[in-house]
Amino acid sequence: MPACRRFYLLITLGFLFCGLKISAQSSKRISQQFENLPFSVFAEKVETITGCRFYFKPGELDSFSVTVKAEDITLPDLLTKVFANTTFVFSIDQENNVFINTKFTVQTTLPKDFFNTNKTTADTSAIIKQPFFEQTDDRKKIVAQENKLYEIGVKQNNAGKERAIIAGYIRDGKSGESFTGAMVYTDTPYVAVVTDQFGYYSIALPKGRHILQVNSIGMKIARRRVMLYSDGTLNIDLQDSVPSLKNVTIISEKKSNIRGLQMGAERLTIKTIKQVPVVFGEADILKVLLTLPGVTSVGEASNGFNVRGGSTDQNLILFSDATIYNPSHLFGFFSAFNPEVVKGFDLYKSAIPEKYGGRLSSVLDVSMRDGNSKKVSGTGGIGLLTSKFTIEGPLKKDKTSFIVGGRTTYSNWLLKQIPKSDYSKSKADFNDLNLRISHTINNKNSLYLTGYISNDNFKLNTDTLYKYGNRNINIKWKHLFNNKFYGVAIAGWDHYQYDISSDENPVNAYNLKSSISQGSFRTEFNYSPDNKHALSFGLNSIYYKIKPGSFTPKGQQSLVTPDILQDEQALETALYLGDQYTINSKFSVNAGLRYSLYNYLGPHDVYSYVNGLPRDKTTLTDTTSYSRNKIIKTYHGPEYRFVARYVLPNEGSVKLSFNSLWQYIHMLSNTASISPSDIWKLSDAAIKPQRGYQVSLGYYKNFRSNTIEASLEIYYKKLKNYLDYKSGAVLLLNHHIETDIINTRGKAYGVELSVKKKSGKATGWFSYTYSKTLLQLDDPIAGQSINNGKFYPANFDKPHNANFVANYQFSHRFTTSLNFVYSTGRPITLPIAIFYLGGSQRVYYSERNEYRVPDYIRADFSFTLEGNHKTKKLTHNSWSFGVYNMLARQNPYSIYFVQESGIIKGYQLSVFGTAIPFINYNFRF
Amino acid sequence: MKKILQISSVLLFSLLWLIACKKPYDPPEIKIATNFLVVDGNITCGTNAVTTITLSRTTKLGDSLLFNPELNALLYIEEEQGNVFPISEQGNGVYRSQPLNLDPARKYRLKITTPGNKNYVSDFVTAKTSPAIDSLTWKQDGDVTVSVHTHDPLNNTRYYRWEFAETWTYASLFHAEWIVKDGWIYVHDSINQIDSCWRTANSNNIVVGSSIALSEDVISDFPVAVIPQHHEKIGKRYSILVKQYGLTEEAFRYLQLIKKNTEQLGTLFDAQPSQLKGNIQSADDPNEPVIGFISASTVTEKRIFIQHDQLTNWIPVYSIETCGNPIIIDQNRTDYRIWDYPDPDYTILYYIMGGTMAIIKKPCIDCRARGGVNVKPSFW
C-alpha cells in the first residue's frame, strides 16, 4: 500500500511543522487569565511565558478552547487544570517539551487506521487520539476504527443530560458513494435515524459516551464509539460485507422495517435487483419492481406498471429527481434505467411522503450513484442485444466526482444478418446516456448535476417508424445550515417526445409528433430540532407544456393536410409541511399537509357545449379563445398524509396510514390495443383533476433474529374523476378530446403479503397480492351507459398475483436464481356476436371488461459465474446464463380482432412465447 | 460466428413480436353460437305509411353467414291507447305493414313473438315528425358529396337519421343484337334489351345528425353520401333518394354507438368498444340481449339526379373483368334459335355466316349480369 505510506509521511511532517519551538523552565510560575482561547493561542502564550515547547496534533485540539484562571501556579498545575474532565493527558520532559496526548485506553488490538484517521480529521471536527502506526490490513483497520473513541464537538465539562447532535454522511469506504436508507442507531437509549437520499444523517443523543451503529444492506455493520461533547460531525465509511464469513447477518433494514415509519414502501438496492433473472440478462428495475407485492403490469413488455390498482399514469417516476414519462425501451423489453448507474430505488405505495405529489398511486424514486470519488473505475457489459459501458471517477479527489453510463443496441446490425428477408425492413434499437457530477463545495454545500437522454427507434417490418425519447437535466444544491437543519433546491427540465413517421408512399408520407415538457423548481427543507421531531417543508412548482399532437406532411410530394393541435400549458404549485414525531420508542407518527394549486393557462381555445347534454360535436356551441398566460381554469385543494406506527410487545409493529392526493395530468391511452404513443393531457375546464384517497393498515414482524421479514398490508382506495373513454373514443389528434372522455369513480382494495429473506446463502422473497380495481360511470352527461352504470373492472384489474424470487449462493463464484410469476389474466371486452343492421355487418361486444385473458404464468432461471476473486486482477468479469420463460408458456400479451375477407377473426399475441436462453458477459475494472 | 448469429436470430424472432407468436384466439365465450334477436326498422307514422321491420339473429364470430333471417315471427305495432296493427311477413326476415295512418302525436311500441314462442317488446316511443327535406345538393371536390338541407320551424326534431337509395344507369360494353331467354335466342328489342340497365343500392352506413347545438333546428349542408371519384355510379346518369326520419335523443346515441363500435375495427389505435343497450326487451328473460332500437317517425324524402356531363375529371372505372376475345363456337346446330351452351357465364355475341356463333362472358354484353335490371324505373 504505497499510497498509504505516502500519506502517513505527509501527516507526520504536518505534525512536526505544527510543533512550536521554545525553551524555558518548567518551574516558572504563571499568573494570567485565559478567556476562551483556542488551544493553539493558549499554547503560544504559555510558551512565551514559560519558554516551554508544546507538541500536539492541531487537529485534535483545534476545537478545544481554554478558559482558565492561573494564579501563580506551575505549568503542570495549569495543564492539570486545563485538561481536567477531558480525555487529554500531558507529559513534560526534561527539555521542557510538553506533549499533549490522549488518555490511555485499553485496546486488545493495535489501532491501525492511518488512512481513516486522516480522513476523519480532514473533513470533520471529530478528534481522534491514537498513536500512529502504519497499518496495511483493512480488517485490522476496521477493528481499529471500531475501538477508537471519536470525540465529537467542543470539549466541555458538562457531559450529562443535555443532548447534542451528531450529523454526517454514511459512505462506501471504497467508492465514496453515499448510502441512502442506512440506519444509524444506538442501543441505549434506543435512538434510530435513517440516512436521507444524500446518505446524510443527523442524530440527537445525550452528551456522553455512545456506541453508534450503522447498518446498510450488503455492508458490514459499522460501530463507532463516540464521546459526545456538543454538536459535531462524524462521517462513517462502511465496508463491504465479506461474503466468506459464514453468517453475515444483516439486520439493518430488517429492523427498519419494523421501526421505520415507512409504510407500503419498498426499497431495493442495485445488488438485489441484479440477482433477479430477467430476459436478455440485463438487470431491469421495472421487471424487479413487478415482483414486489402490489405492483402489476397490464402485460408483458408493456410500458409502465400499476400499483395497488392504480393506472400507469398514476405513478410518479423519478430518476435522480428527473420525472421520467416513459420508463421503458423497446415497448418495455428494457427499462429506461441503466443498472450500472442506479443505486437503488424506493417505491411508495401507501404512505407517500408529503414532499411528493401530483400522482395518485405511487412514487418510484430511482436514485443514481455518485461517481467513485477515490479512483477512476469502470464497468461494462456485453449481451446479445445490448452493450453498456460506465466510467466513473474523481475529477478532484474527494471533492468532485463524475459518472457517465451509456447503453446501446446493435440489434439493427443483427437484423440485417438474418438470412430470411422477413425482417429486412425492420429496425429496433435504443440507446441511453446518463451523467452525474457531484461536487462538494465545502462541508456545508454540495452540488449535483444530473442528465439523462434516451432514444428509441423501431420499425416492425412496416413502413412506419416509431421514435421516442426522454431528455432530462437537473441541478441540485444541498446546503447544511447546521446539524439540525438543511435544505435542498432543485431546478430541472424534463421532456418526453415521440415521433411516428411513414414515408413508403411519398404522397401519404407523414410525421406524427407529440411531446410533453416540464420545467420544475423545488425546495426541500429538513429540520430536526431533536430526535422527537423531524420537520420537512418546501415548495414545488412545475410548469407544463404539452404539444398534444401534430400531423404534418413529410417530404415535398406529400399531400397530407397538416393537422396540429393547440399546445397546452399549466402551472402546478404546491407547498408542504410535515412532521415526523417520535412520541416514544414504541409510538411515532408522521403527519403532513400539502396544498396544491393548479392553473390551466392560455393560449388555448375552449369549447362550450350545450348544458346538461353529452359533449359531442353535435352539442358544440361556442369557442372562446384565451390569450397567453391567461388563467383558463384553476383547481386547488389540500392533500393529507398521515402515518402512525406502534411497536408491539412481541417486537412486531402495526402501522396505519391515510393519504389523499390530487393529480392534474392524465395519460390518454387506450389499453385495448398496443399503442406506441401515449398522449398526455392536462386538466382543463372540462377535465377535472383526478383525486385519490387511501387508507391502509399493516402488520410487520421479523423472525429468526430479523433474517426473515414478513408483512401484511391491507388497503382501500377511492378514486374520483378517473378518466375512461366513451365507446369509439378517438384519442389521437382529437381536437375535442373532452367529447370522448367520461368521468368514472373507482374503488380499489386488496391485501399484500410479503415474506423476505435477505441474508444467508438462500435469499429471496415471496409476495402475494389480492387486489381489485373497479370503476363506475360517474358522469351525468356521458350520454351512454357502461355496464348499466354498475361497477366494472378496470383494464388493469388482476386480482391474484404471486411472485417468488429465490437466490442461492453455492460458492463465492457461483450463484443461481429462480423467479416465478403468476397473475390473473387481465380483463377484456370481447366481441361475442355478429349482426346485420343498417346495411352492414356489425359486431356485438360483451359488457366492458366482462371476460379475462388466460392467466399469466412464467418461470425464469439464471446462474452467474464470477471470475476468480484475486483482488489484483486488471478486470473482474462474470458470466451469466439463463432461461427466460422456462415453461415456454405462451402468455397472451394482446388480443385483437381483425376482419379477414369479411370474417372477423381473433388473434392472441405472445411476446415471449417460448423459452428464451440468454447469456451475458460483464466486466469491471 | 454463424452459430452466434443463428442464436441471435432466435432471440430476435421473439423480439419482433408482431411477427412472432401470433395464434388464433377463440375462447369458449366466442365459440358459442350466440343467437340474439336483431331488430332493424322504424315505425313509420303519417298518412298511408308502410312500416318495414327486418328481423334477424346474430351469428357467431368467424361465421361466414352474412345474414341470418328470423322467419315466421308475429309482429304488430301497439298504440299506447291499445290499438294494434299487424306487420306481415314478406320473406327473408322482412316484415311489412299495410299502409297505415299512425298519428305522430301518439306513442307506439313493437311487439314480436318468435316461432320459439318467445315474446319481445320495445319501450313505448314518442313519435317524431320529420320536417320536409328542403333540398338535396351535391358538389364535386374530386369525389361527389351529396348533402341534405332541412329545418324544423317548431324546433322539435333536433335528431335526424337519413337513409338513401342510389340508382344509376349503365350500358353494356358490347351492343347486343340478340338476347337469350329461357334457352331460346330472340331478337333484341326495346323491352327485351340488355344494353342499358338500372341498378339500385341501399345505404350501408348509418347516417345520423343533430342540430342540438344550434339555436334553431336547422340542418345545413349535412353530407349524406359520398361517391368516390371515377366511380361507375355516375358513368351516365345517377339518382339518389334520401329518406329522412326524426329520432329521439336515445335512438340517436344508440345509432352513434353502433357506428363507432364497428366501423373502426382492427386499427392500431382501436377505440374502446362497449355493449349496446337498446330499447327492446325479452318479456321472458330481462337479461337476454336484444339488439336494435325502435323509433317512430314520419318519413320525408327527396330525390335528385346527377348527370355525368355535370362532373369534371370523371372517367368511369367499370368493375368488369377483362372480356377477352369472343370465342367462336361451331356446333352442329339443329336449330339456330336454341341456346344450349353449357357454361352459364357465357352468352351470344353475334352469329357468323354459316351457323357459327361468337360468344362472350355475360357481364360484357348483358348489363343484368352486373346487378341491375333492364327495366327503366318509374322515376327515371
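Q: Which residue with a positive phi follows α4(A)?
A: Asn85(A), with phi near 65°. Bear in mind that this is a predicted model.

Q: And which residues of α4(A) are buried?
A: The helix spans residues 75-83 of chain A, and its buried residues are Leu75(A), Leu78(A), Leu79(A) and Val82(A).

Q: How are those arranged around the axis?
A: They cover an arc of only 95°, which puts them on the same side of α4(A).

Q: What do they pack against?
A: Four elements of chain A: β1 (29-38), α2 (39-50), β3 (65-74) and β4 (88-92).

Q: How do β16(A) and β23(A) pair?
A: Antiparallel, over five bridges, with β23(A) covering residues 342-348. Ala265(A) stands opposite Tyr348(A) in β23(A).

Q: Now β26(A) and β27(A). How many bridges join them?
A: 10, and the strands run antiparallel. β26(A) is residues 386-396 and β27(A) is residues 400-409. Ser387(A) stands opposite Thr408(A) in β27(A).

Q: What about the hairpin between them, which residue takes a positive phi?
A: Asp398(A), near 60°. The hairpin has three residues between the strands.

Q: How many bridges join β27(A) to β28(A)?
A: Nine, again with the strands antiparallel; β28(A) is residues 427-440. Arg407(A) stands opposite Asp432(A) in β28(A).

Q: Why does Ile165(A) count as buried?
A: Because 22 C-beta neighbours lie inside 10 Å, and the cut-off for buried is 20 or more.

Q: What is Ile165(A) in contact with, leaving aside neighbours within four places in sequence?
A: Ser202(A), Ile203(A), Ala204(A), Asp231(A), Asn483(A) and Lys484(A). There's also a C-alpha to C-alpha distance worth noting: Ile165(A) and Leu205(A) are 6.3 Å apart in space and 40 residues apart in sequence.

Q: On to cores. In the largest nonpolar core, which residues touch the most other members?
A: Phe835(A), Tyr844(A), Val39(B), Ile43(B), Val224(B), Val242(B) and Leu255(B), out of 86 residues. That list draws on both chains, A and B.

Q: What does Tyr844(A) touch, not counting residues up to four places away in sequence?
A: In chain A, Pro831(A), Ile832(A), Ala833(A) and Phe835(A). In chain B, Phe36(B), Thr58(B), Leu276(B) and Ile291(B).

Q: How many residues are in the second, separate core?
A: 74, including Met368(A), Ile516(A), Trp662(A) and Trp765(A).

Q: Over to chain B. How many helices and strands?
A: Four helices and 25 strands. Buried residues make up 34% of its 380 residues.

Q: And for contacts between residues at least 6 apart in chain B, what percentage join residues at least 24 apart?
A: 68%.

Q: Which strands make the open three-stranded sheet there?
A: β23-β25-β24 of chain B, in that order, with antiparallel pairing. β23 (327-329) and β24 (346-352) stand at the edges, each with a single partner strand, so one side of each is left without a neighbour in the sheet. The twist averages 35° from one strand to the next.

Q: How many bridges pair β23(B) with β25(B)?
A: Three, in the antiparallel sense; β25(B) is residues 356-361. Ile329(B) has Met357(B) as its bridge partner in β25(B).

Q: What about confidence, where is it lowest and highest in chain B?
A: Lowest in helix α1 (residues 2-15), at a mean of 37, and highest in strand β19 (residues 237-247), at 95. The chain's mean pLDDT is 84, and 88% of its residues reach 70 or more.

Q: Which stretches of chain B stay under 50?
A: Residues 1-20, with 27 contacts beyond four places in sequence. Residues 265-269 also do, with 12 such contacts.

Q: Last one: what are the ipTM and pTM?
A: 0.83 and 0.72, in that order.

Notes
Residues are numbered from 1 along each chain as its sequence is written. Chains are lettered from A and ligands numbered from 1 in the order in which they are written. This is a predicted model: local features need pLDDT of at least 70, side-chain atom pairs count only at pLDDT 80 or more; totals for chains, interfaces and linings use all residues. A residue is buried if 20 or more other C-beta atoms lie within 10 Å of its own, exposed if 12 or fewer, and partly exposed in between; C-beta atoms are placed from the backbone. Helices (H or I, at least four residues) and strands (E, at least two) are DSSP runs, numbered from the N terminus. The arc is that of the directions from the helix axis to the C-beta atoms. Two residues are in contact if their C-beta atoms, placed from the backbone, lie within 7 Å. Two strands pair if DSSP finds at least two bridges between them. A nonpolar core is a set of buried Ala, Val, Leu, Ile, Met, Phe, Trp, Tyr and Cys residues joined through C-beta atoms within 7 Å. Axes are lines fitted to C-alpha atoms, for helices over the stretch in contact, and angles run from 0 to 180 degrees between N-to-C directions. pLDDT is the predictor's confidence in each residue, from 0 to 100.
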